[in-house]
Each structure stands twice: as C-alpha cells, then as structure tokens.
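Please keep the sequence and the structure at hand while reading.

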Amino acid sequence: MLTGLALLALLFQGCEQTPLAERLQSRGVLRVATVAGPLSCYLDEQGPAGLEYELVSAFAGELGVSPRFTVYPNRVQAMRAVQKGEQDMAAGFIIPTRERKTSYYLSTAIVQTQPRFAHFMSRKRFDPDNHDPALVVVPADGYADRLLTEKKMTPYRLEGAAEESVLALVDRGIFNYSLSNDAQIKAHADFLPQLVSGNPLGEALSVHWLFARFYDSSLRDRANAFLQQPLTRETLDRLLDKYRPQAADRDFVPRRDFWKHVHQRLPKYIDLFRQASAQTGIDWRLLAAIGYQESHWNAKARSPTGVRGIMMLTQDTAKQQNISNRLDPAQSIPAGARHLLWMEKRIPDHIQGEDLLWFTLASYNIGYGHVEDARILTEHQGGDPDKWSDVKQRLPLLSQKKYYASLKYGRARGGEPLAYVENIRYFYRLLVFWDNREQGRDCTSQSVQRRLALKN
C-alpha cells in the first residue's frame, strides 16, 4: 500500500510543479508527527513545551504557517505517518536507523548525542565489554535495538513502546537496564530519580527531522536553511540548556524523597487540594507544591517559630481565615489557599505573569510588607520594582541594618523567600509533569490550568 501511495505521489509530482513548501504555505498549516517527552513535546504549567515543540514552532513561523502537532505512541508510528502522507514531517528527537536514513529526506543534524546505558540505581553498571548477560530493554525497531544487534547483543524488545516509557520502567525497577542516550537520560533526571547514567556504547548519533521522499525536497531544504541560521543555532543552544541540563538541579535524596511522597503521601490529600482549587481558582498543583515546601505534606508538622500543619500557618493567619485547628488538613489546606489568594490581591494590578506569581509566593513566605520594602529598596537603587529578577537581588539586604533601618517593616530574613520561591517553582514543575502524564495530557491538549486565581 505504501509503495502504491509513493508511486501515485510521484505521478502527481510530475504534473504538479509547485514545490511542497509553497503548497504548505498556501494551506497555512505544517503537520508535525511527534511523541511525548521533554525533548519532544509535552504540557507544562504554562502550556505546550518541549525542545522540538519550540524549535519546530519557530520553523513554522518562518514559513508563515501554523504548526499542528499530532502525538504518536512511539517514534516508529510517527515516522510511518509521514511515510503515508498523513503528516508533513516527523520531529520528536528522532535518531533514525541506517535503514531509515535511505527511506526519508533527513534534515541536517540538529544535535548529536552519545548512546549510553541506563540502569536502576541499585544495580551495577552494565558492562558491554564483558558480555554481561543481563536483559537490556529497548523499544522495538529503534536505533538502540539496531545498535545492540550490531554489537552482537540480544536486546529485550518492547513492541510499541516509546523510549521515554522504557526509561520510566527502568526507574521503577521493573527492568534493570536500557540503552538510551545522554540527552534523554539528562532530560529525565528530575522526573526519573532512580534512573542512573551508565557506560557509553559506540559513536555519537545525530538527531534529525524526517520528511517523505515521495514529495520533492523543498520542505527539507527550507528546514536545513532554517537550522543553519546563526540565530537558530543560538536558539537551539538555549533550548538544549533548558531541556537537557548538564546535571540535576537538586541532589538525589531530595528528588527521591519528593517522588516517594508523591506516591505515598499526596494521595491522602489530593482531593483536599483539588477542592481548595475549586473554591479559590488557584491551580491545585501549585497549592500542593506550596504544601510540600512547607511541610512535605506532613499534617502534624511544626516549626520552632510556631507555624503548624500542612500549609504551616501562623496563629494570626489561622485566626484571619477563621479556622480552629491548623493540624486538620481539611482546614489547613483551604485556609492556605485563601491566604494565598489574599496575598495575590495585594500585589499591584500592573504586575502580571511570572512576576505576579513569584511576588505572591514570596509574600506568602515572608509577608507582603517585607516584599513591598524590597520593592521600594529596588527602586531607590535604580532597579525595576515590578520585576522579580530585580527585587529578589535586594531581598537579602533586608537582614542588614543599614538597609532595613529606613524601611517601614524593618528587619527580615530576606534570603529565605529566594530559596522558598525557587523550591516551589521546582516542585510545581514536577507536579504538573506528573499530573499531565497521569491524565494523558500532551502538548496538543487545549486546556491549561490557571495558576493563580485573578491575574495569572
């Protein structure tokens, strides 16, 4: 059937002189086959994201068309959709096998990455030189499958699996070893904390976009011209830093404990977070991230300063929110949500977006008055009091007498809200990734949860 489609397309190509790239421009849509994952396409707290999602969207913008992504269960199906003419290109951090390089037009290499074994943390490194008999699980019919076969090793093939799902199985200890690559392993460092990078295998391989050969090469040619632009290379470097960090931002133990608590503690309180979200309009995952930062979802948590409960409320806040028992999660969680909403309302209306979110979180931690002092100090020093990036540099100064003596609300431990905000940003990102994966949402999903209630 595929051969017939290809021959039919070739016949029409002889009559149709307009290059494919121009026909797509007339149509106004670039159809893109992809897969789910941080290096390809997923849904984060602000909307569609992913290295390939951003890069392809920039390419579509240069063509003057809108990208339309379709997420497939695995890369083999994504590539077949292009071969059938259902999609115009495949872009999902694809490393084509030698056989597929002759079946498609390939873009210039987007990036190179080293094939590398990954293993469950309690296992030793897989040693390919000693003919280790352990099972190495890989997606069937992909580059890892071919590479292991070429090296005279017998992989354990999972039919229909994506590389990302195979790595998740290793992280859970269902399998002990897989063959992946540096980029994928690093991109999953925060999400799969028990997945450990192992020994390399063979030479570096390149990632490409794929285009059907039964059309002319004009779309591939436009893609190559785009990818070779200096500005695109700068963009790609930025995206690689964003989606493929060189090292995890957090030590292993905090990451491991977070995911352990997601599975063991969060289920007891998730409905309360969702109910508080319904009452206030604040994303329940943001509320849960605050709760984790405050108490690690420990309903009986207590600090030396007297704040207590999952949301670590002060007595004054409990009184303001009219709750009688800070240790009762059914009271603490909605009270914390209402208190955050109250803080959001106090932020000036002209502060929007990311800045609004970070100012609100800092106010929840240290109090709005101290945040306002830091904004005044920022303005006095020539910074922008409406930008969190400027104000956060002045917050630590609130602990120094020569600065706080002239401010309305006096001394504060100004360094604490910096770590507080960064930690919540981190936990929130992980919870959004986890929740969207659990709910089957991907970068094509239309609904994005509002983070704060009013303006964000």
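The model is a predicted one. It holds 24 salt bridges, and those discussed here include a pair within helix 20 as well as a pair joining helix 13 to helix 20. Two helix pairs are also described, one roughly perpendicular and one roughly antiparallel.

**Helix packing: helix 2 and helix 9**

- Helix 2 (residues 20-27) packs against helix 9 (residues 218-227) with an axis separation of 6 Å and an angle of about 85°.
- Angles of 65 to 115 degrees count as roughly perpendicular, and helix 2 and helix 9 are therefore assigned to that class.
- On the side of helix 2, the contact is made by Leu20, Ala21, Leu24 and Gln25, while helix 9 contributes Ser218, Leu219 and Arg222.
- By residue class, this contact between helix 2 and helix 9 comprises four nonpolar, two polar and one charged.

**Helix packing: helix 3 and helix 10**

- The axes of helix 3 (residues 51-63) and helix 10 (residues 230-243) cross at roughly 160° and come within 10 Å.
- Angles over 145 degrees count as roughly antiparallel, and this description therefore applies to helix 3 and helix 10.
- The crossing of helix 3 past helix 10 is right-handed.
- Helix 3 supplies Leu51, Glu54 and Leu55 to the contact, and these meet Thr232, Leu236, Arg238, Leu239, Leu240, Lys242 and Tyr243 of helix 10.
- The residues of this contact between helix 3 and helix 10 divide into six nonpolar, one polar and three charged.

- Arg98 is paired with Glu150 in a salt bridge whose closest N and O atoms are 3.0 Å apart.
- Arg98 is exposed at a relative accessible area of 59%, whereas Glu150 is partly exposed at 44%.
- Arg285 and Asp435 form a further salt bridge, with 3.2 Å between the closest N and O atoms.
- This pair links distant parts of the chain, 150 residues apart: Arg285 lies in helix 13 (residues 284-295) and Asp435 in helix 20 (residues 416-438).
- Burial is assigned under 20% relative accessible area; Arg285 is therefore buried at 6%, and Asp435 is likewise buried at 3%.

- The salt bridge between Arg425 and Glu422 has its closest N and O atoms 3.2 Å apart.
- Both Arg425 and Glu422 are in helix 20, where their spacing of three residues is about one turn of the helix.
- Arg425 is partly exposed, with a relative accessibility of 29%, and Glu422 is also partly exposed, at 34%.
- A network of salt bridges links Glu99, Arg100, Asp141 and Arg146.

- Met312 is not a glycine, yet its phi is positive, at about 50°.
- Met312 is located in the loop between helix 13 and helix 14 (315-320), and its relative accessibility of 12% makes it buried.
- Asn322, which is not a glycine either, has a positive phi of about 60°.
- Asn322 occurs in the loop between helix 14 and helix 15 (329-346), and Asn322 is exposed, with a relative accessible area of 70%.

Notes: Residues are numbered from 1 along each chain as its sequence is written. This is a predicted model: local features need pLDDT of at least 70, side-chain atom pairs count only at pLDDT 80 or more; totals for chains, interfaces and linings use all residues. Side-chain values use heavy atoms; hydrogens and water are left out. Axes are lines fitted to C-alpha atoms, for helices over the stretch in contact, and angles run from 0 to 180 degrees between N-to-C directions. Helices (H or I, at least four residues) and strands (E, at least two) are DSSP runs, numbered from the N terminus. Angles under 35 degrees count as roughly parallel, over 145 as roughly antiparallel, 65 to 115 as roughly perpendicular and the rest as oblique. Contact means heavy atoms within 4.5 Å. Ala, Val, Leu, Ile, Met, Phe, Trp, Tyr, Cys and Pro count as nonpolar, Asp, Glu, Lys and Arg as charged, and the others, Gly among them, as polar. A salt bridge is a side-chain nitrogen of Lys or Arg within 4 Å of a carboxyl oxygen of Asp or Glu. Buried means under 20% relative accessible area, exposed over 50%, partly exposed in between (1.4 Å probe, protein chains only). A crossing is left-handed if the near helix is turned anticlockwise from the far one by less than a right angle, and right-handed if clockwise.
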